[in-house]
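Hi there,

Here is the structure I promised to pass on to you. Have a look at it first, and then read my notes below.

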Amino acid sequence: MADTGNRLRKLLESPNFDPQSYVKQLSQQSDGDRDLQEHRQKIQTLADETAQNLKKNVYKNYRQFIETAKEISYLESEMYQLSHILTEQKSIMESITQSLLSTDKDETAKEMLTAFPKETEEVKQRTLTTLLEKVEGCKNIMETPGRYLVYNGDLLEYDADNMSQIQKVHAFLMNDCLLIATWLANRRGAVKYKYSALYDLESFAIVNVKDNPPIKDMFKILMFPDSRIFKAENSKIKKEWLEILEETKKNKVAKDKHTKEEEVPTSPVRQDVSTNPFEDDEPLDSEELVDLSPEWIQELPEDLDVCIAQRDFEGAVDLLDKLNEYLKEQPVSPRVKDLRGKVEERVRQLTEVLVFELSPDRSLRGGPKATRRAVSQLVRLGQSTKACELFLKNRAAAVQTAIRQLRIEGATLLYIQKLCNIFFTSLLETAREFETDFAGNTGCYSAFVVWSRSVMKMFVDAFSKQVFDSKESLSTAAECVKFASEHCKQLSDIGLDLTFILQSLLVKDIRAALQSQKDIIIEATKHRNSEEMWRRMNLMTPEALAKLKEEMRSCGIGGFDQYTGEDCWVNLSYTIVAFTKQMMAFLEEGLKLYFPELHMVFLESLREIILVAVQHVDYSLRCEQESEKKAFILLNASFLHETVLPVVERRFEEGVGKPAKQLQDLRKSSRTVKVNPDSTMSVV
């Protein structure tokens with residue numbers, strides 16, 4: 001059989017296999033329908049084996065697929081950063097080369113500017129004015145003195161997500177800003193464009209987009225929190241845009257640096273010495289005490305923009321810490337205020353990016369550790385309260401999503417086990433991550449306790465909907481509550497005890513379940529009492545008698561053998577035996593659900609159930625006239641008062657930890673007494 005299967009497999013796997021020829025040959029060789037059915041069964045078996053092998057290969061390589069996808073994602077991010085760095089390095093090298101080769105040209109240009117300064121400035125401004133007359137809504141662009149046009153041209157804007165073309169635009173690069181205007185297709189006259197956006201040169205970074213047909217001749221402008229992709233007409237124009245943008249940005253930085261250096265006095269001014277002994281000594285000029293000339297300080301705002309664009313949050317916070325340490329004990333001067341203003345704007349942008357990283361809209365995969373990077377940087381920025389709030393919101397959304405995605409199984413207990421495993425594991429991981437991230441911020445721990453209560457309510461809503469709203473049996477509800485309580489107690493290993501919160505949220509549903517089960521037992525007992533004939537039970541078989549003995553033993557009823565007779569007879573009525581089994585089951589299930597807030601509810605339920613049986617026995621004893629039946633009723637009453645009720649009291653005290661005084665009083669007050677046979681009164 002195995003050889004036949006192997007031959008068939010090789011035949012089907014051969015590259016020259018022809019299905020039509022194979023079926024034709026098979027039809028000619030087969031003797032009848034049976035041969036075709038057998039051959040069909042072999043092919044089906046081979047297909048099932050192939051499907052199983054494919055599934056095994058998929059499961060075997062699934063983890064490798066996931067890890068490979070993650071590595072590809074990381075590699076893509078690193079290549080993106082590397083491309084940006086290489087572009088910057090290339091621009092720097094080209095600018096150095098140009099500066100070395102054009103020294104003579106610069107001197108000639110300076111001479112021309114010196115000879116015709118007014119004409120050159122007027123020409124640049126006149127050109128800019130002429131072009132901006134074609135743009136609708138930008139009359140205030142020329143209000144800034146010294147602004148002139150550097151470069152302009154048509155571009156196509158593309159969507160950053162799906163790389164689809166959005167619109168045609170015209171870009172105007174000036175010496176301090178970049179203007180983007182949209183194309184007005186149906187407009188006649190001089191105005192051809194409409195103002196769209198104006199970006200300061202310091203507020204964005206330029207990134208080259210690698211050509212990957214059909215995507216080519218594109219570059220990206222990164223400005224927080226968005227980015228825009230533009231496509232040039234050809235590679236030459238794209239190169240010109242990249243080079244001129246980088247050059248213009250550097251010229252502006254150099255000009256700003258030169259302007260600041262000119263503001264610093266080159267030599268100290270000698271102060272007049274006052275001869276007035278009552279005059280206070282004037283403090284030294286704070287401008288002279290703070291040195292902001294280091295290159296890393298001059299380039300700090302731009303470096304922060306690059307770090308934010310590249311998602312290098314740690315590097316950005318390190319730069320901020322370095323600046324704060326440098327200016328820690330320095331006096332506050334106008335230049336320091338200006339620097340801090342620029343830096344605070346970047347801090348605001350960085351904070352918004354980190355807040356977005358922790359928002360529930362982001363992917364919730366990866367567990368609590370995935371948020372550690374953003375949380376730690378917010379804490380370093382002094383935003384501990386905001387970090388705590390966002391972290392807990394993120395984890396609450398993750399818990400809610402996990403609960404919603406949990407598939408409802410047919411068996412309630414199986415669903416509750418999965419629900420408890422998911423919820424309490426997530427809560428435990430969140431608590432440990434919170435302790436790691438906010439170890440030095442003890443003020444945040446109260447927020448975590450409040451959050452724990454809110455997510456516990458979320459858990460209890462899902463728990464109650466499945467256990468109590470679906471009207472499950474009390475035994476199933478007891479097992480589910482016991483399972484949830486055991487999981488909750490495991491949190492005490494990390495110092496988090498939520499048992500009281502769990503109980504307070506469940507007390508309403510458990511109380512209703514106990515009262516509902518009590519009503520069911522009372523109704524069933526009353527129904528059996530109405531049909532009571534006070535006859536001995538005949539279980540018919542020894543197996544049934546042995547099973548009943550085992551059930552009574554498991555309920556804690558000792559000495560039951562003295563109530564059994566020969567030939568499978570039991571010297572008790574069916575009503576009393578059924579009541580005993582139902583009563584003991586309710587007691588055990590109630591003890592699993594018990595906590596202090598339910599003490600009186602549970603105790604009163606037991607008392608009401610017992611009272612129905614006691615009243616029935618007492619009433620029957622008073623009403624019965626036949627001596628034999630009366631003796632049988634007395635035997636049942638003795639079993640109820642001397643065997644069952646003491647076991648209930650003892651088991652209740654063991655489970656609760658304190659005696660059931662109400663049950664003791666009920667047993668003492670309802671002991672059977674000798675009464676007038678003619679009386680039909682029932683008094684307890």
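**Helix 14 against helix 16**

Thr412, Leu413, Ile416, Gln417, Cys420, Asn421 and Phe424 of helix 14 meet Thr476, Glu479, Cys480, Phe483, Ala484, His487 and Cys488 of helix 16. Contact here means heavy atoms within 4.5 Å. Sorted by type, the residues of this contact between helix 14 and helix 16 are eight nonpolar, five polar and one charged. (Ala, Val, Leu, Ile, Met, Phe, Trp, Tyr, Cys and Pro count as nonpolar, Asp, Glu, Lys and Arg as charged, and the others, Gly among them, as polar.)

Before you go further: this is a predicted model, where local features need pLDDT of at least 70 and side-chain atom pairs count only at pLDDT 80 or more, while totals for chains, interfaces and linings use all residues. Residues are numbered from 1 along each chain as its sequence is written, and side-chain values use heavy atoms, with hydrogens and water left out. Helices (H or I, at least four residues) and strands (E, at least two) are DSSP runs, numbered from the N terminus.

Two packed helices are described by the angle between their axes and the distance between the axes. For helix 14 (residues 412-437) and helix 16, the angle is about 15° and the axes are 10 Å apart. (Axes are lines fitted to C-alpha atoms, for helices over the stretch in contact, and angles run from 0 to 180 degrees between N-to-C directions.) That makes helix 14 roughly parallel to helix 16. The cut-offs are under 35 degrees for roughly parallel, over 145 for roughly antiparallel, 65 to 115 for roughly perpendicular, and oblique for the rest. The crossing of helix 14 and helix 16 is right-handed; a crossing is right-handed if the near helix is turned clockwise from the far one by less than a right angle, and left-handed if anticlockwise.

**Helix 15 against helix 16**

How do the axes of helix 15 (residues 445-467) and helix 16 (residues 474-489) cross? They come within 11 Å and cross at roughly 160°, so helix 15 and helix 16 are roughly antiparallel to each other. This crossing of helix 15 and helix 16 is right-handed too. Met456, Phe459, Phe463 and Val467 of helix 15 meet Ala477, Cys480, Val481, Ala484 and Cys488 of helix 16. The residues of this contact are nine nonpolar, no polar and no charged.

**Cysteines**

A disulfide is a covalent bond between the sulfur atoms of two cysteines. The search of the whole structure, which takes a pair of cysteine sulfur atoms within 2.5 Å as a disulfide, finds zero. For Cys420, the closest cysteine sulfur is in Cys480, 7.9 Å away and too far for a bond. Cys420 is buried at 0% relative accessibility. (Buried means under 20% relative accessible area, exposed over 50%, partly exposed in between, with a 1.4 Å probe and protein chains only.) Cys568 is buried as well, at 11%.

**Some loop residues**

Ser573 sits in the loop between strand 10 (569-570) and helix 19 (574-593), and is buried at 0%. Apart from neighbours within four places in sequence, Ser573 is in contact with Glu532, Trp534, Arg535, Met537, Phe632 and Asn636.

Asp217, in the loop between strand 6 (205-209) and strand 7 (218-223), has a positive phi of about 60° although it is not a glycine. Asp217 is buried, at 9%.

Is Lys369 buried or exposed? Lys369 is exposed, at 63% relative accessibility, and lies in the loop between helix 11 (334-358) and helix 12 (372-380).

Cheers
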